[in-house]
Amino acid sequence: MENMRVKVNGAELEVNRYPRNGETIVFLHFSGGNLAQWNGIVPYFRDKYQLVTLDIRGHGKSEKLENGYTLDNMALDVIGVMDQLGIDKAHIVGSSLGGEIAANLAANFPERIQSIVAEGAIQNYFGKNGVCNISDEDIPNKKIELRANRAKRVNPVFDSIANKLEMSRQSYEQGGIAWNQRIEEFELYDSLETEDGRYTSICPKWVIDKYVEDYFDVKFEKYFEKISCPVLLLPSEEEWKSEGVKASIEHYQRLLKSSRVGIIPGGAHAYVAFQYPQELSSEILEFFRNLVPKVTMAGKN
């Protein structure tokens, strides 16, 4: 594995490359995450593919710029990394935010993207089948409310790494996700020592706040209607039970030329790589083996 700092699009990013002759897969983590999300996935792919994992701008060990936390900029960052590493084309595997960036990439750089995998349901925030389905007139006030609620949140600070890991373990388990070595590695990577010797998340809260401002106004239809490469959508089992999420995914599929939906039983949104790395990898590898253009509507895979 090669670890490097790559300067692209005005940002310096932390990048790991697992070189191998063969096609390239770029893995993109979820919002607030880091490249260690993929530690349990890498072994299933590295013998046949060149792999690239990276910390999205503002996340992990990548540079914490004051601005630029939009899907357009994040997609340009990925293209910049590919250029720096001499990668002409790649498959993109993204989790939550990473899947959203993947959709942007496939829409705006079709000649560079061979396929995309989006783990975790992609939804507009506002609008029909969105996370928040309210009238256009009510959106400005709702944004004010959401900003006020986010302003009350803080990244917790802990006296020691051990304390941070213990609180993280309790949080995961309260959410129904069993603690394991993959999550511990991820949480250790996410740890930043403060000037007074305590520990907090390496991803500042304000980075997520700035991204959320962009996300509020994104309409993913504008990406999906332009995508020509094959797409694998992997909502969580719980998300697939939601009529709103399912309707949203089916709507996106009608815009796509080649797509399918897969479900990892028991998987939680954005955490399947921690919970079921073998099952997730098998689903993706099967998708790669069958990259023949055809449309498979949701529920028919």
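Q: How many positive and negative side chains does the protein chain have, and how far apart do the centres of the two sets lie?
A: In this predicted model, the protein chain carries 35 positive side chains and 43 negative ones.

Q: Which radius of gyration does the protein chain have, and what would a compact globule with 301 residues have?
A: A compact globule built from 301 residues would have a radius of gyration near 19 Å, and the protein chain agrees with this expectation. Its C-alpha atoms fill a box of roughly 55 × 55 × 40 Å along the principal axes. The value for the radius of gyration of the protein chain is 19 Å.

Q: What share of contacts in the protein chain between residues at least 6 apart in sequence join residues at least 24 apart?
A: The protein chain is made up of 11 helices and 10 strands, and buried residues account for 54% of its 301 residues. Among the contacts between residues at least 6 apart in sequence, the share that joins residues at least 24 apart is 74%.

Q: Is His91 buried or exposed?
A: His91 belongs to strand 5, which covers residues 90-95. A residue counts as buried when its relative accessible area is under 20%, and because His91 has a relative accessible area of 1%, the word that applies to His91 is buried.

Q: With which side chain does the side chain of His91 make a polar contact?
A: Leaving aside neighbours within four places in sequence, His91 is in contact with several residues, including Thr24, Gln114, Ser115 and Phe288. The polar contact of the His91 side chain, at 2.8 Å, is with the side chain of Glu23.

Q: Is Tyr215 buried or exposed?
A: Tyr215 is located in helix 6, a helix that covers residues 205-216. The cut-off for a buried residue is under 20% relative accessible area, and since the relative accessibility of Tyr215 is 13%, Tyr215 counts as buried.

Q: Which residue has the backbone oxygen that the side chain of Tyr215 reaches at 2.9 Å?
A: The C-alpha atoms of Tyr215 and Leu71 are separated by 8.0 Å, although these two residues stand 144 residues apart along the chain. Leaving aside neighbours within four places in sequence, the contacts of Tyr215 include Glu100, Asn124, Tyr125 and Phe220. The backbone oxygen that the Tyr215 side chain reaches at 2.9 Å belongs to Gln123.

Notes: Residues are numbered from 1 along each chain as its sequence is written. This is a predicted model: local features need pLDDT of at least 70, side-chain atom pairs count only at pLDDT 80 or more; totals for chains, interfaces and linings use all residues. Side-chain values use heavy atoms; hydrogens and water are left out. Helices (H or I, at least four residues) and strands (E, at least two) are DSSP runs, numbered from the N terminus. The radius of gyration is taken over C-alpha atoms; the globule rule is 2.2 Å times the number of residues to the power 0.38. Buried means under 20% relative accessible area, exposed over 50%, partly exposed in between (1.4 Å probe, protein chains only). Contact means heavy atoms within 4.5 Å. Lys and Arg count as positive and Asp and Glu as negative; His and the chain ends are not counted. The place of a charge is taken as NZ of Lys, CZ of Arg, CG of Asp or CD of Glu. A polar contact is a pair of N or O atoms within 3.5 Å; within protein, one must be able to donate a hydrogen and the other to accept it, and residues adjacent in sequence count only if both atoms are side-chain atoms.
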